[in-house]
Amino acid sequence: MRPEPAWIQKDVLYEIYIRCFLDHNGDGTGDFAGITDRLDYIARLGVRSILLNCPFLAQRERDRHPLVDWMKVDPDLGNLSDFLLLIEKAHARGLRVLISLPVNATSIEHIWFRESRQKKPRFMKKSYFWSEEAPSEPEAENVSPEKANWSQDAESLRYYWFQDRKNEPALNYADPEIMEEMRRVFEHWFTLGVDGFRLAGAGRLHVFKNRSIEPLPDPFRTFLPVTEPLRKIFPDRVFLFGTETPPSRKTGLSDPNTYFHFGSFFPSVLDAVKNEDKGALDTLIITSPEIRSARKDGTIRWTIDHRARSEDTFEKFDSDGAGEIPPPVNDLGPPRPILARLAGSMENGRRRIQLVMSLSLTFPGIPVLYYGDEIGMGDNPHLPGKKPIRTPMQWSADRNAGFSRADPEELYSTVIDDPPFSYTMVNVESQERFPDSHLWHVRLMIDIRNGQPALWSDGIFETVETTHPAMLAFIRSRGDTVCLLIHNLSKSAICGLLKLSLWEGLVPRELLGGVRFPRIGKSPYLVTMTPYSYIWFLLEKPSPGNGTGTEGAAP
């Protein structure tokens with residue numbers, strides 16, 4: 001008998017960019033109290049966890065928030081009492097609360113950096129990368145960031161190394177003091193009731209080794225001395241590492257509460273839908289060691305989301321998901337927009353949006369739903385940097401999309417008012433009125449997933465051979481529960497045969513509508529599908545009157 005999965009393996013995570021969710025006090029910026037006001041809405045979605053994006057004290061910048069103190073909340077978002085009330089109210093509704101923390105760098109105003117820059121620092125002496133002399137000018141144009149990204153500190157006149165921005169010096173994870181400070185940070189927030197961390201930027205950590213700056217190959221192993229002792233005190237807390245590199249099997253097995261981001265999923269989905277061919281997903285399934293593990297024993301330790309390019313790790317930066325590494329900061333030029341919302345990627349095609357939503361909710365892994373995706377919110381391509389996907393949540397067709405009472409010019413970010421994603425056309429209030437809206441459909445899918453253990457993230461995964469290149473079919477199972485999931489990746493209606501002889505005698509029951517289909521026989525099973533459609537089947541044992549008299553064989 002398989003053990004009961006960790007709570008997060010049953011969950012769908014709902015990620016919230018706090019400053020854009022709901023403004024409670026009317027200052028134009030979303031806050032903790034605004035999220036508390038909408039906890040009933042979040043709970044009705046069926047999600048069981050919320051992921052808060054960077055609630056920590058930060059510098060005020062246009063589209064970035066260099067963190068000044070990892071132990072304090074940002075007063076722009078509310079005070080500590082507001083944050084604790086949010087946690088209390090969320091837990092009362094059965095919602096876990098996770099927080100996202102970028103761990104690869106700090107602000108130049110952070111107390112660690114201010115101490116490290118001193119001539120004779122009392123602590124954090126080696127916590128950053130320092131050079132007494134100006135690094136030599138790079139000879140090549142596309143030189144690595146480790147050689148190019150140096151800036152002079154105005155106070156100490158020494159040079160420090162950074163990754164993306166000059167006011168965000170990188171941390172040296174070869175320094176034991178950093179690891180002790182990380183332990184203190186985690187323990188502090190766990191004591192306050194936080195249920196887990198997403199360690200954003202965990203795939204971009206560096207160490208000073210052999211007189212040079214080198215990437216850290218295994219952040220899981222590096223953090224193990226911190227996470228293992230904490231697991232004894234807080235056994236149900238989790239860590240989501242913002243890296244696309246999985247832990248070694250030894251490291252992963254020794255800490256079952258650590259997870260990574262399976263970044264290859266969404267680029268493969270985009271490719272499959274674009275080409276109307278399951279080839280990209282077949283390649284992912286065949287070549288991915290993670291999927292091989294899921295097929296063997298259901299060992300699944302990753303999250304999946306709807307972003308082609310991760311806004312936190314930047315491990316995949318180019319639009320087609322090919323994995324191009326961003327050039328040194330000197331060559332970046334103006335900030336590039338990051339257009340990553342699901343509706344925008346699917347050109348606002350509702351069938352395509354729901355097809356991808358179905359894939360993410362049934363594929364192995366922990367789905368992460370970005371706020372607004374449940375109503376089909378789009379991006380604002382006119383905004384710089386990361387702001388295209390950081391627009392106010394569209395609650396209604398009222399002023400400021402119901403996000404804030406402030407004047408429009410005081411909003412943290414402008415609302416989307418251009419078709420087809422205008423807040424007057426896409427909003428929660430209008431979709432609540434119609435049971436066939438995208439919002440209600442997403443609720444239905446999440447509710448069904450919650451009730452089917454086979455669809456939880458640790459359900460064993462098996463592919464099913466089909467005769468049509470646009471028909472993707474797979475089995476998810478846990479114990480005696482078996483689900484068959486079929487997706488049509490084409491814009492045309494299709495029919496195809498499925499080889500289901502291993503499940504001969506079982507009767508497929510469609511989960512979204514409850515309709516029973518013909519019993520599975522020895523012959524290939526015929527399925528016809530409308531464009532961009534999907535079918536969720538529960539395979540049941542036959543009983544009188546549930547379709548045992550007819551087999552779904554090929555004609």
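Me: Is helix α13 enclosed or open to the outside, and how many of its residues are buried?
Reply: An α-helix has 3.6 residues a turn, so residues three or four places apart point the same way. In this predicted model, 11 of the 13 residues of α13 are buried, so the helix is largely enclosed by the rest of the structure. Buried means under 20% relative accessible area, exposed over 50%, and partly exposed in between, with a 1.4 Å probe and protein chains only. Among the buried residues of α13 are Arg352, Gln354, Leu355 and Met357. Helices are DSSP runs of H or I with at least four residues, strands are runs of E with at least two, and both are numbered from the N terminus.

Me: What span does α13 reach from its first C-alpha to its last?
Reply: The span of α13 is 18 Å, close to the 18 Å expected at 1.5 Å a residue. The expected span is 1.5 Å times one less than the number of residues.

Me: Where does Glu347 lie, and is this residue buried or exposed?
Reply: Glu347 is in the loop between α12 (342-345) and α13 (350-362). Its relative accessibility is 66%, so Glu347 counts as exposed.

Me: Which numbering and which confidence limits apply here?
Reply: Residues are numbered from 1 along each chain as its sequence is written. As this is a predicted model, local features need pLDDT of at least 70 and side-chain atom pairs count only at pLDDT 80 or more, while totals for chains, interfaces and linings use all residues; side-chain values use heavy atoms, with hydrogens and water left out.

Me: What is the strand order in the open sheet of 3 strands?
Reply: Strands of a sheet pair through backbone hydrogen bonds, either parallel or antiparallel. Here the order is β6-β8-β7, with antiparallel pairing. β6 (130-131) and β7 (150-152) stand at the edges with a single partner strand each, so one side of each has no neighbour in the sheet. Two strands pair if DSSP finds at least two bridges between them; β7 and β8 (residues 159-161) have 3. Trp150 stands opposite Trp161 in β8.

Me: How many residues lie between β10 and β11 in their hairpin?
Reply: There are 2 residues between them, and Asn210 in the turn has a positive phi of about 55°. The two strands run antiparallel and are joined by 4 bridges.

Me: How is the pair of Phe129 and Trp161 described?
Reply: A pair of aromatic rings is described by the distance of the centres and the angle of the planes. Rings of Phe, Tyr and Trp (its six-membered ring) pair if their centres lie within 6.5 Å; planes under 30 degrees apart count as stacked, over 60 as edge-to-face and the rest as tilted. The structure holds 32 aromatic pairs. For Phe129 and Trp161 the centres are 5.5 Å apart and the planes at 85°, so the pair is edge-to-face. Both residues are buried. The rings of Phe461 and Phe474 have centres 5.2 Å apart and planes at 40°, so that pair is tilted.

Me: Which residues have the most contacts inside the largest nonpolar core?
Reply: They are Tyr14, Ile42, Tyr173 and Phe186, in a core of 117 residues. A nonpolar core is a set of buried Ala, Val, Leu, Ile, Met, Phe, Trp, Tyr and Cys residues joined through side-chain atoms within 4.5 Å. Helix α6 (residues 176-191) gives the most to this core, with 7 residues.
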